[in-house]
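Biologist: I'd like to learn how to read a model like this one. Could you take me through it feature by feature?

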There are 2 protein chains.
Amino acid sequence: MANRRWILRTRPEGDISEGDLELIEVAIPDLDEGEILVRNIYLSVDPTNRIWMSDIDAYMPPVEVGEPMRGRTWGTVIKSRHEGFRAGDVVTGGLIWEEYSVLRHAEAVPMNLGLPLEAFTSVLGPAGMTAFWGLSDIGKPRPGETLVVSAAAGATGSVAGQIGKIMGCRVVGVAGGSLKCGYVTEQLGFDACVDHRAGNLEEQLRQACPEGIDVDFENVGGDVMDAVLGMVNNHARVVLCGLISTYNREGDWWSPRRFRNLLFRRVSMQGLIITDYFPRFAEALPVMADWVGQGRISYRVDVVEGITNAPRALARIFDGNNMGKQLVKLSPAPSDIQP
Amino acid sequence: MANRRWILRTRPEGDISEGDLELIEVAIPDLDEGEILVRNIYLSVDPTNRIWMSDIDAYMPPVEVGEPMRGRTWGTVIKSRHEGFRAGDVVTGGLIWEEYSVLRHAEAVPMNLGLPLEAFTSVLGPAGMTAFWGLSDIGKPRPGETLVVSAAAGATGSVAGQIGKIMGCRVVGVAGGSLKCGYVTEQLGFDACVDHRAGNLEEQLRQACPEGIDVDFENVGGDVMDAVLGMVNNHARVVLCGLISTYNREGDWWSPRRFRNLLFRRVSMQGLIITDYFPRFAEALPVMADWVGQGRISYRVDVVEGITNAPRALARIFDGNNMGKQLVKLSPAPSDIQP
């Protein structure tokens, strides 16, 4: 039995090219005492993968050339040399793009599945937690305020907007294409969705936000954020969660044209990296799980099959083709085998 | 007896030119019931004057062409038709570049001078209050942290740094020229001062901040702020108080090159306009007056004589020639006549 994993071979310049990553076969080592062997079910691919591929001074060290690509996995224990885990347990903790992971017991977090595993990869995983903490700790929307969420059909944006609705806001999404915008308004219940591919972004946004913008949950940057910063109200809050429009650029990336509005309108903006909130996931999980269980928050996973397609799954995000949480499926999920 | 006041004649393009402002003579009207006549002693000139001269969507409406220039004055009541004021009282409340102001009684704030009037124009006026609230409400420095203050020899920066010292921070100023830097370290007690005119700004700043930057009290923008954003620590705070390096530019002004560091390092940044804190001045005043009285905060006014020189006083700020609070003196101050 062999394991396949993706290795970073060259740092991308601009868009990721074939050849930047290579799929290799490696032997699965025997387990030491205290270790478990996990057959991975899902691999998370995320915008931040692109950041990790560049040698820039980011929020954590880059993946080194020649080293495995970094990304969270969820999987089934198939061998255990620790009393806390048994074959069949579903865990997360792997951080490599690979089919099988050997984990120290302390690295593995058991999933107590009252909800489908797919929920834990998305709305109850880092993507959804980002939405929860970004709004509750930084955006702090009040009932009646207008919340704009960019990348509204994405893993985090879709959840941020739905939490905004629960909090009593007018919620306006920004997404690319009418299919996504339809999903955002009809399935997710946003009040409006602006299609940034349809042109006339500022005019669309103005119509969707007749009372200006109080909170921006920013995942995109670039023209979308410039449009938002042109329309923020006094004392608006910006959750600076991502700048995906710029991750494929070299140099200093993008700078907001309307930066001065942060001063004039006394905007507060704060960067959010979800690792800061890992210690607080346990606070948010029961709240979020209730909302999901009650159907107040829906989620969607966008699944690409097979480890060989992991780079393609990542490209989907940068091409704007994913709807919901982008995953790569590596082996059968519990939902495939339960009756 | 006539009054002289400055009128905005044309909106400056770039630097302010002679002819953008015109000094005119106007009659002093008779007082209505409830009004007072004030002979102004000091006129405040501030970076924000330049913002008000441009027709941009700023934090308050611009001065209209043909209208008087806006700016705070402190003066002596010389006639009163309100029982709350008597000739000789010193008040503030005038908001026009002029020698005499007619104020409604409700517009006039009496100065209860336990300290020199100059203190109330600077450290205890809007400039010093900006420093106080910017730090206590936004920057929130903790003892041992590194605070960087740009325009460190200016009206607000000089106070912000001294408050930072009281709060137990390592305080590093940024100022232009060795004279100012000497003032900042020797008179104001900053731990270090970086001379942005001496070249090699980033290297100087790195040496002055061996443990990175935790709080940035930003008055300048441009290269200075870019250097700071390159060096901020995780969870740093930026008090976005001014962007004077860009006020003379047209269009969208400056955009920070290192914007992405706000995301990566989870920086929080908040715009500060002191008008938001007018209702809270009374909270801060006794604290600040104590510090001034105890000599823990020193202040300096930079006085240009005569209403005719008001535009020159403003130019001093943009040329970087002022040290401390820039004022125009229009008539004798209490300190001139007291024994």
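Modeller: Happy to. Start with burial: a residue is buried if 20 or more other C-beta atoms lie within 10 Å of its own, exposed if 12 or fewer, and partly exposed in between. Keep in mind that this is a predicted model.

Biologist: Let me try that on a residue. How does A:Ile307 count, buried or exposed or partly exposed?

Modeller: A:Ile307 has 19 other C-beta atoms within 10 Å, so it comes out as partly exposed. You'll find A:Ile307 in the loop between strand S14 (301–305) and helix H10 (310–318) of chain A.

Biologist: And which residues does A:Ile307 touch, leaving aside those up to four places away in sequence?

Modeller: A:Ile307 is in contact with A:Arg4, A:Leu23, A:Glu99, A:Val328 and A:Leu330. There's also a pair to look at by C-alpha distance: A:Ser331 is 24 residues from A:Ile307 along the chain, and their C-alpha atoms are 9.4 Å apart.

Biologist: Now sheets. How do I read strand pairing?

Modeller: Here's the general idea: strands of a sheet pair through backbone hydrogen bonds, either parallel or antiparallel. Take strand S3 (residues 35–44) and strand S4 (residues 70–80) of chain A, which run antiparallel and are joined by 7 bridges. Within that pair, A:Val38 stands opposite A:Val77. S4(A) also pairs with strand S5 (residues 90–96) of chain A, again in the antiparallel sense, over 5 bridges; there A:Gly75 faces A:Val91.

Biologist: Where can I see a parallel pair?

Modeller: Look at strand S12 (residues 232–240) and strand S13 (residues 268–271) of chain A: they run parallel, with 4 bridges between them. A:Val239 stands opposite A:Gln270 there.

Biologist: How many strands form the open sheet that holds S13(A)?

Modeller: The open sheet has 12 strands, in the order S10(A)-S9(A)-S8(A)-S11(A)-S12(A)-S13(A)-S13(B)-S12(B)-S11(B)-S8(B)-S9(B)-S10(B), with mixed pairing. Its edge strands are strand S10 (192–195) of chain A and strand S10 (192–195) of chain B, each pairing on one side only. From one strand to the next, the twist averages 15 degrees.

Biologist: So how do the two chains join within that sheet?

Modeller: S13(A) pairs with strand S13 (residues 268–271) of chain B in the antiparallel sense, over 3 bridges. A:Gln270 turns up again here, opposite B:Ser268.

Biologist: And which helices pack on the sheet?

Modeller: Among them is helix H4 (residues 155–166) of chain A, which lies across strand S8 (146–150), strand S9 (170–175) and strand S11 (213–218) of chain A, at about 170 degrees to S8(A). Another is helix H7 (residues 222–229) of chain A, touching S8, S9, S11 and S12 of chain A, with its direction at about 165 degrees to that of S11(A).

Biologist: How many residues does each chain give to the contact between chains?

Modeller: Chain A gives 25 residues and chain B gives 25 residues. On the chain A side, helix H8 (260–264) and S13 each give two or more residues. Sorted by class, that side has 14 nonpolar, 4 polar and 7 charged residues.

Biologist: How are the copies related?

Modeller: Chain A can be laid on chain B by a turn of 180 degrees and a shift of 0.0 Å along the axis, with an RMSD of 0.0 Å. The two copies are therefore related as by a two-fold rotation axis. They meet through the same surface, because 100% of the interface residues of chain A are also interface residues in chain B.

Biologist: Last one: what are the domains of chain A?

Modeller: The domain assignment gives domain 1 (2–116 + 300–337) and domain 2 (126–275). Their centres, taken over C-alpha atoms, are 28 Å apart, and 15 residues of domain 1 are in contact with 15 residues of domain 2 in chain A.

Methods:
Residues are numbered from 1 along each chain as its sequence is written. Chains are lettered from A and ligands numbered from 1 in the order in which they are written. This is a predicted model: local features need pLDDT of at least 70, side-chain atom pairs count only at pLDDT 80 or more; totals for chains, interfaces and linings use all residues. Two strands pair if DSSP finds at least two bridges between them. Axes are lines fitted to C-alpha atoms, for helices over the stretch in contact, and angles run from 0 to 180 degrees between N-to-C directions. Two residues are in contact if their C-beta atoms, placed from the backbone, lie within 7 Å. Domain bounds come from an automatic or database domain assignment. Ala, Val, Leu, Ile, Met, Phe, Trp, Tyr, Cys and Pro count as nonpolar, Asp, Glu, Lys and Arg as charged, and the others, Gly among them, as polar. Copies are superposed by least squares on the C-alpha atoms of residues with pLDDT of at least 70 in both.
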